[in-house]
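Q: Hi! Could you walk me through this one while I have it open?
A: Happy to, let's take a look together.

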Amino acid sequence: MEQEELRLPLAQESMTRPAEGNIANGLVWGVLISIPLWISVLGWVMGFLH
């Protein structure tokens, strides 16, 4: 019972977070992941053309 009582406030806090913060966080992670991806794609294309 104690563990369930501890989980409920955490779930409510995560549900009441503003959506803007989650969107901004997702954009930051998306940019960080996409930069090395595009560098590798460009390197593969340049290697394929040469």
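A: A word on terms before we count: helices here are DSSP runs of H or I with at least four residues, and strands are runs of E with at least two. Also, this is a predicted model.

Q: Which residues make the nonpolar surface patch?
A: Leu37, Trp38, Val41, Trp44, Val45, Met46, Phe48 and Leu49 make it, and the patch covers about 930 Å².

Q: Let's pick Phe48. Where is it?
A: Phe48 sits in helix α2, which spans residues 19–49.

Q: Is Phe48 buried or exposed?
A: Exposed: its relative accessible area is 63%, and the cut-off for that label is over 50%. Trp44 is exposed as well, at 59%.

Q: Switching topic: how many aromatic pairs are there?
A: The count is 1 aromatic pair. The rings of Trp44 and Phe48 have centres 5.5 Å apart and planes at 10°, so this pair is stacked.

Q: Why does 10° make it stacked?
A: Because planes under 30 degrees apart count as stacked.

Q: And how far apart are Trp44 and Phe48 in helix α2?
A: They are 4 residues apart, so about one helical turn separates Trp44 from Phe48.

Terms used. Residues numbered from 1 in each chain as written. Predicted model: local features only at pLDDT ≥ 70, side-chain atom pairs only at ≥ 80, totals over all residues. Heavy atoms only, no water. Patch = residues over 30% accessible without salt bridge, like charges linked within 9 Å, V, L, I, M, F, W, Y side chains within 5 Å. Areas by Shrake-Rupley, 256 points an atom, 1.4 Å probe, with all protein chains shown as cover. Salt bridge = Lys/Arg side-chain N within 4 Å of Asp/Glu carboxyl O. Buried < 20%, exposed > 50% of the residue type's maximum accessible area, 1.4 Å probe, protein only. Phe/Tyr/Trp six-rings, centres within 6.5 Å; stacked < 30°, edge-to-face > 60°.
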